[in-house]
Amino acid sequence: MQQAPIFTDDTIVFGLLMLTLGFIFYTESIKTGFWPKFYKIIPGLFMAYMLPAVLTTSGLIAPEWQTTSETGEVVNHSTSLYYVSSRYLLPAALVLMTLSIDLKAVFNLGWKALVMFLTGTLGIVIGGPIAILLVSMVSPETVGGVGPDAVWRGLSTLAGSWIGGGANQTAMLEIFEYNQSEYGKMVFIDIVVANIWMAIILIGIGRSKAIDKWLGADNSAIEALKEKVTSFAKSVKRNPSLTDIMIIVAIAFGTVSVAHISANFLAPYFEGVVANIESKTLRNTFTFLDSQFFWMISIATLVAILLSFTKAKNYEGAGASKFGSVFIYILVASIGMKIDLMSIFDNPGLIAVGLIWMSIHAILLIIIAKIIKAPYFFLAVGSQANVGGAASAPIVASAFHPSLATVGVLLAVFGYAIGTIAAIGCTILMKLAAGG
């Protein structure tokens, strides 16, 4: 946690983030000179992610910081922008992007989406023990430790996070009883490595056509879905009135409120149900059910899918998905500000373990995508549904087309369900690799 940045007021920080997004969209709209060449290589979504990281690295803003009070007490502070973006704007975006979805067309995307997701899961499961073996050859102390301090125990929390999400990560911390005073290191690696990988994926989106050509991919089903949604949007397109905009906002945030109300009821209910399961392993397998975030995202998506069968879908003609895209970009910027680019050098040994681990995940995805000729979309979203979960999988999916955000959510929810079991398997292999 760093010292206080120059700007600590969330109102000012939010304004800075909006200015960076405005700069990106303005320069991306320029059709001559330097900028078209730049954005042909570097996609705007990547810039929306990276510029806030530059602001954090330079000390202008920060996700967390410390100050010392007059009495000498250290006080921890943090921004609320990511929380607001992920808890309010993300579900609202999912609603607006799902309104015009054709569920049948989504299922017509076929088996390759699921195969790539499961490949990503397998890459995390085998990547951990392989990374430990490789690093132990060079620096055995980096992956050593005994008892609660054993590094493999800490890395189990990464496996939970990278296959499922925060609830699965916490479950692994409890199951394998890692020293909680050291847990911050693992959270740090999680943030740094996962965000480096997400940045690479975002860069790849700008080259997706060339990558698909190299993979020999057939993306006709994806294009058919995009064309279907685009054609529908054109058929109902109109200049939005103030009434249209207010109804779109009402649909979005009304659904968000329903999702929060439901999550506030369901999470404590299932917490009680899960707590009564006698088997510790089985109990921790289902800890994702007591996550409010899990229920919030699931219910918001479910309500949006139900609305897609009603006349509410016609609000796509008034720009519903464009409003959703605005919310997604704000979320991307708030994620970007969590990264201090210099932090990569803070703990090089464990960062190396994480990078090798993620590289194995990536290599396996590329190999399988090449074999089954899966489009880059399936590779990118399948990976992020594992590594990033419901917060970032829709971001990556919607970068291809707003109508595809639902695919990211559905796969991410599946990740929550299998996250703990798969992470336990990974941890057993890591323990063997570490000689524990």
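Modeller: The expected span of a helix is 1.5 Å times one less than its number of residues. Helices (H or I, at least four residues) and strands (E, at least two) are DSSP runs, numbered from the N terminus. This is a predicted model, in which local features need pLDDT of at least 70 and side-chain atom pairs count only at pLDDT 80 or more, whereas totals for chains, interfaces and linings use all residues. Residues are numbered from 1 along each chain as its sequence is written, and side-chain values use heavy atoms, with hydrogens and water left out.

Colleague: How far apart are the end C-alpha atoms of α16, then?

Modeller: They are 36 Å apart, which agrees with the 36 Å that 25 residues should span at 1.5 Å a residue.

Colleague: And which residue follows α16?

Modeller: K373 follows α16. It sits in the loop between α16 (348-372) and α17. Its phi is positive, about 60°, although K373 is not a glycine. Most residues other than glycine have a negative phi.

Colleague: How accessible is K373?

Modeller: K373 is partly exposed, with a relative accessible area of 46%. Buried means under 20% relative accessible area, exposed over 50%, and partly exposed in between, using a 1.4 Å probe and protein chains only.

Colleague: Back inside α16, is L365 buried or exposed?

Modeller: L365, in helix α16, is buried, with a relative accessible area of 0%. Not counting residues up to four places away in sequence, L365 touches M116, T119, G120, L379 and S383; contact means heavy atoms within 4.5 Å.

Colleague: Turning to α11, what should its residues span?

Modeller: At 1.5 Å a residue, the 16 residues of helix α11 (residues 220-235) should span 22 Å, and the end C-alpha atoms are 22 Å apart, which agrees.

Colleague: Which residues of α11 are buried?

Modeller: The buried residues of α11 are I222, L225, K226, V229, F232 and A233. They cover an arc of only 130° around the axis, which puts them on the same side of α11; the arc is that of the directions from the helix axis to the C-beta atoms. On the other side of α11, K234 and S235 are exposed.

Colleague: Why would residues three or four places apart point the same way?

Modeller: An α-helix has 3.6 residues a turn, so residues at that spacing point the same way.

Colleague: What do the buried residues of α11 pack against?

Modeller: They pack against α5 (103-107), α17 (376-387) and α18 (393-400). Seven of the eight residues of α18 are buried, so α18 is largely enclosed by the rest of the structure. The buried ones are A393, P394, I395, V396, A397, S398 and F400.

Colleague: Where is S100, and what is it in contact with?

Modeller: S100 lies in the loop between α4 and α5. Leaving aside its neighbours within four places in sequence, S100 is in contact with V229, F232, K313 and E316. S100 is buried, with a relative accessible area of 5%.

Colleague: New topic: how much space lies in the largest pocket?

Modeller: About 940 Å³. On a 1 Å grid over the protein atoms alone, a pocket is an open set of points where a 1.4 Å probe fits, with protein on both sides within 12 Å along at least five of seven lines; lining residues have an atom within 4 Å of a point. Grid points are joined across faces, edges and corners, and the volume is the space filled by probe spheres set on the points.

Colleague: How many residues line the largest pocket?

Modeller: The lining has 33 residues, of which Y82, R87, G166, K338 and A391 lie nearest the centre of the pocket. Elements that give two or more residues to this lining are α4 (81-98), α8 (166-176), α9 (183-205), α12 (242-275), α14 (292-307) and α17. The largest share, seven residues, comes from α9.

Colleague: Finally, is F309 buried or exposed?

Modeller: F309, in the loop between α14 and α15 (320-336), is exposed, with a relative accessible area of 60%. I41, in helix α2 (residues 34-41), is exposed as well, at 54%. F25, found in helix α1 (residues 10-29), is partly exposed, at 42%.
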